[in-house]
Every structure is written in C-alpha cells, then in structure tokens.
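Here is a brief report on one protein model. It starts with ring pairs, then moves to the cores and the overall fold.

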Amino acid sequence: MEAPGAGLWRALVLAFCVAGIWSSYIYQGVLQETLSTKRFGADGQRFEHLAFLNLAQNVICLVWSYIMIKLWSSGSSGGAPWWTYWSAGITNTIGPAMGIEALKYISYPAQVLAKSSKMIPVMLMGTLVYGIRYSFPEYICSFLVAGGVSMFALMKTSSKTISKLAHPNAPLGYGLCFLNLAFDGFTNATQDSINTRYPKTSAWDIMLGMNLWGTLYNIIYMFGWPQASGFEAVQFCKQHPEAAWDILLFCLCGAVGQNFIFLTISRFGSLANTTITTTRKFVSIVVSSLLSGNPLSTKQWSCVLMVFTGLSYQIFLKWKKLQKLQKKRKA
C-alpha cells in the first residue's frame, strides 16, 4: 500500500522534473538560435564559430559532473574507467558539432524536427545490419516521422526565416542533422556496451567520462594550430561580451537539464523521460515560431503534427510493452 500523501509527493516530483527539463532545454534552444542568427555589436557581426558551443558545454558539464560525484558519490568502485569513453567521445564530439553547424543552413524548427527522426536510422540499421524485424505499428510510426520531416524539408521556407540564416542551404543543413543522428546512434550503442561491462557505472561517471574526452578532442580541434577557429571565437567573445554571456547561459542550461533528466530516469524511468523530452521539442518549435520570428505555414504545422503524432504513437507502443512486461513479472 502507498503511504498517505506519497502519490501527491510523486506527482509534485514529476511536475518538478517536467518544469526543469522544459525550462532548461527550451531556454537553451532560444539561446542556441540567438547565437546562430543574431548580429552582435555596431558592426553587425555573426558568431560563426558554433562548434565552440560544444567545447564550452563540455567544460561546464565536466566541472559539473565532477562536483556532483564529489558531493553525492558513495565512493564505491566498479564503475567504467575514464579511458573507456575515448571512442564514444569522438562520435559525441563530431555529432553535436554537425547538429549545431546545421543552424547556419536551416532554421531552428527544421533542425529540431530533423533531429526528432532518430528512430529512422535506428530502424534502418537494425533491419539492414542486424536483421531485426519490427512490428507493423512501429513501421507506421517511422512512416509518419519520415513523411513529416520529408514534407517539411520540401516546403518553401518563409523569406523572413531565410534572411536570418548565415548560409541558407537546406540539403546541407538536413544532411548534417542526419549525420548527427548517425553519430549519436554509435555513441548510444557504445555507452550501452560500457554500461553492460561495468554495471556499477553511475550517470555522473558517464557524464564525466564523455565530457572529459569531448573537452580534449574539442580543444585539439579548436586550438590545435595557430589559425584554429577557437582563437577567433575567444576574440569574438572579448569584443562582444553579450555573446559570451549567452554561451555561458547555454552551457548552464545544458548542465542543469542533465540533472533533471537523471532525476526523471531514476524516479520514473526512461519512458517518462522520453515523453517529457518529446513534448519539450514540440514546445520548442512553438516558442521559436512565436518568439524568434520563424513563422510556419499551415502546411508546415501539419508536418510538425504528423511527426509528433508518430513520436507519440511510438511512446504509446513502448508503454504497452512495459505494461505487458510488468504483468508477466507479477504472474
């Protein structure tokens, strides 16, 4: 029997997690879009070095995870050694960099929508490489998402949105997003493999290991030679402190958001987290359209709804599977 008030407390914790994930990542999206489209200073310069955001994010999350481990870790051994993350660190460095660079070529709503189609490369790889057979409803989900993203990509973008982009190029932008998804798939598979080999690895250990290697790789890429773009990014931030402040807030939002994700997964499971993050993406598109001046046509909104219908149906299918597993365990 559940203790009196336990249900209310659980509901309040869930609401706290939803508010934390939504506020952190929606605001991070606003900052990301600002940094990719805004013109800073009297000379109207753009911040062209978007890959620098990944380095800054890695450094902040590395420090954050180290502090969390020192504060909350029980000191138990058995977690994955830091060096095991070197390969996942490579793809986790390249993938997000491509996703952020895509904002030079396509709008933020288009990027969010493209990156929401993660199930498509996963199912393709599963079918072609591993011979996995998926159910008919799962193919329906994939069709809705793929169809929605494809139709959105083929539709004409408003001139107001195009004028904000640094280098409008839809094929390149969408191509970078799908490469980002492919690299993310390898990163997730490698992390799962590490967790299987080292089951005592905590979320903070993973965060520390991934961001340690990400920091090292990004430092080499951004500052590894005299003409590297990192020096220009630092100089830009010195000339435009407003951009530096936006970058700091962007990184802090990511670090705080990770905390809420870990809390959600630990208290309510990965399915609840998937539901929250999926709805957050939809809200991000709405916020971008209303606040950032990226108007979407009625047909584009129908594509957005098509994608999120597919994603919602996928969540429902996962929920049904989870219910069946729980019934079998009770039987």
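## Aromatic pairs and packing

A search of the whole structure, which is a predicted model, turns up 11 aromatic pairs. Take the pair of phenylalanine 282 and phenylalanine 308. Their ring centres lie 5.2 Å apart and their planes meet at 75 degrees. An angle over 60 degrees counts as edge-to-face, so this pair is edge-to-face. The pair links distant parts of the chain. Phenylalanine 282 sits in helix 12, phenylalanine 308 in helix 13 (residues 298-330), and 26 residues separate them.

The cut-off for buried is under 20%.

**Helix 12**

Helix 12 covers residues 270-291, 22 residues in total. From first C-alpha to last it reaches 31 Å, close to the 32 Å expected at 1.5 Å a residue. Which residues of helix 12 are buried? Among them are Leu271, Ile276, Ile285 and Val287. The buried set also includes Asn273, Arg280 and Ser284.

**Nonpolar cores**

In soluble globular proteins, nonpolar side chains tend to be buried together. Here the largest nonpolar core holds 48 residues. Phe47, Leu113, Phe152 and Ile247 touch the most other members.

What does phenylalanine 152 contact, leaving aside its neighbours within four places in sequence? The partners are Ala110, Leu113, Tyr174, Leu296, Gln300, Cys303 and Val304. A second, separate core has 12 residues, including Ile21, Cys61, Phe262 and Ile276. Ile276 is one of the buried residues of helix 12.

**The whole chain**

The protein has 13 helices and 2 strands. Its C-alpha atoms fill a box of roughly 70 × 50 × 45 Å along the principal axes. The radius of gyration is 21 Å; a compact globule of 331 residues would have one near 20 Å, so the two agree.

Of the 331 residues, 45% count as buried. Among contacts with a separation of 6 or more, 84% join residues 24 or more positions apart. The accessible surface comes to about 17600 Å², and 67% of it belongs to carbon and sulfur atoms.

Key:
Residues numbered from 1 in each chain as written. Predicted model: local features only at pLDDT ≥ 70, side-chain atom pairs only at ≥ 80, totals over all residues. Heavy atoms only, no water. Helix = DSSP H or I, 4+ residues; strand = E, 2+ residues; numbered from the N terminus. Expected span 1.5 Å × (residues − 1). Buried < 20%, exposed > 50% of the residue type's maximum accessible area, 1.4 Å probe, protein only. Phe/Tyr/Trp six-rings, centres within 6.5 Å; stacked < 30°, edge-to-face > 60°. Core = buried A, V, L, I, M, F, W, Y, C linked by side-chain atoms within 4.5 Å. Contact = heavy atoms within 4.5 Å. Rg over C-alpha atoms; globule rule 2.2 N^0.38 Å. Areas by Shrake-Rupley, 256 points an atom, 1.4 Å probe, with all protein chains shown as cover.
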